[in-house]
Amino acid sequence: MAIPRFSSLLRCRKWAKSDWLVASIGFVLIVFFLSFFIDPTSDSVPSVDRSRPIIFPSDLVKLKLSSIAKERGAFCLDGSLPGYHFHEGSGSGSQSWLVHLEGGGWCNTVASCSARALTKLGSSNYFEQEVAFQGVLSSDPSQNPEFFNWNKVAIRYCDGASFAGHPEAEFKNETRLFFRGQLIWEAIIDELLSMGMSDAKQAILTGCSAGGLASLIHCDYFRDHLPKDAAVKCVSDGGYFLNVPDVLGNPTMRSFYHDVANLQGVDKSLDQKCEAKTKPSKCMFPQEFLKNIRTPVFLVNPAYDFWQIQNVLVPTSADPDKSWAKCRLNIKECDAAQMKVLHGFRSSMMDAIGEFHQSKDGGMFIDSCYAHCQTVMSVTWHSPTSPRIENKTIAESVGDWYFNRKPVKLIDCPYPCNPSCYNMNFT
């Protein structure tokens, strides 16, 4: 997920006391749920291991609520209208489209979804009125050399199920929650098609974290709704979640996905070939359905994904004595035994992507950084100090792959061999 920009919201209007009360309650709830399955990057600004130049974004892009969502019944968790930010392309990029799906974890119970509905991850009432487009969304050619002049769209995430929930599941909750992620996705895509995307010559669907997972779930839908002669591909950033047990041997992530899928009726949005063989919750893991995607896919993922290490491998529930506390926050604080476990996690990722590595059309950039989403910040996407593999930034690698200049299957050596890494430090 991109780091939130509250300053832009504060510039929009002066807050009343009631606004501050709502914001305070929302903040407390966010902090609580961050401890389990909402991205730490949503509401924290960690430091990094070495000094980095600050790259200021060039564009602040205004929010637009969907004009057709209401008639489609496409609502955020709280019943508010979903929205997106649109920056029009120009010149050679006027018929090229990049659609980005925001991330932000998931909610797996009525209680957690109700709490989420009081935040910007469940209600457009809390969306920033304008956001900075950075990284793959930037219009600065020095920060985004391949896609700077494309039409760029950032779709906000307010459903809690990777844009895949279905209203048929709503009878399961006694409160008035809307599980309409799939309808949000379809409504906004149709709206973009009416705005010119139906004439696209080139297009990319991307997203980070829960949005990165969504970019895989909806990849073929995106392809099928664009012109047959358009070059359409998908880029998943930090969305390759692993079905591995935590350090105590518990299936934490698999159980969580089971609850999400069951609560929000996600099964109808998942790969049907996968579901014919196994449970819907298992089909939320990319390893299970990626082989069935017809559209070319590029994976951007750190082998030491801090979100997965903090929430899948070593969730707080699996660390009662807090022996992992320092390591979870800063990989430099991990002792030899803990690093062995983290290297084992990397090995699990290498095994999980093994079949995809053989894909003719697929691409990947798997670095060994302690990071999560890396395409949405210019400093990690493309800058003089960005992470590199074989001296290529993520932006250069994605560009080489998208434009078919060369095959791109880049896998980094194990931590800490890459000095270009942008390692997050939460201490």
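Asn151 is in contact (heavy atoms within 4.5 Å) with Phe86, His87, Glu88, Gly89, Gly93, Ser94, Gln95, Ser96, Trp97 and Leu98, its neighbours within four places in sequence being left aside. This is a predicted model, in which local features need pLDDT of at least 70 and side-chain atom pairs count only at pLDDT 80 or more, whereas totals for chains, interfaces and linings use all residues. Residues are numbered from 1 along each chain as its sequence is written, and side-chain values use heavy atoms, with hydrogens and water left out.

- Asn151 lies in strand β6, residues 151–155; strands (E, at least two residues) and helices (H or I, at least four) are DSSP runs numbered from the N terminus.
- Asn151 counts as buried because its relative accessibility is 3%; buried denotes under 20% relative accessible area, exposed over 50%, and partly exposed the range in between, with a 1.4 Å probe and protein chains only.
- Glu130 belongs to strand β5, residues 130–133, and is likewise buried, with a relative accessible area of 17%.
- Between Glu130 and Lys62, the C-alpha to C-alpha distance is 4.1 Å, although 68 residues separate them in sequence.

**Strand β8 and its partners**

- Strand β8 is largely enclosed by the rest of the structure, because 6 of its 7 residues are buried.
- Strand β7 (residues 202–208) runs parallel to β8 and is joined to it by 7 bridges; strands pair if DSSP finds at least two bridges between them.
- Gln202 has Ala231 in β8 as its bridge partner.
- Strand β9 (residues 297–302) also pairs with β8 in the parallel sense, over 4 bridges.
- Cys234 has Val297 in β9 as its bridge partner.

**Surface**

- Val247, Leu248 and Val341 make a nonpolar surface patch of about 210 Å².
- Such patches consist of residues with over 30% relative accessible area and no salt bridge, like charges being joined within 9 Å and nonpolar side chains (Val, Leu, Ile, Met, Phe, Trp, Tyr) within 5 Å; a salt bridge is a side-chain nitrogen of Lys or Arg within 4 Å of a carboxyl oxygen of Asp or Glu.
- Leu248 is located in the loop between β8 (231–237) and α8 (252–264).
- The chain exposes about 16,900 Å², of which carbon and sulfur atoms supply 55%; accessible areas come from the Shrake-Rupley method with a 1.4 Å probe, and for residues only the protein chains shown count as cover.

**Whole chain**

- The secondary structure comprises 16 helices and 12 strands.
- Of the chain's 427 residues, 60% count as buried.
- Among contacts between residues at least 6 apart in sequence, 77% join residues at least 24 apart.
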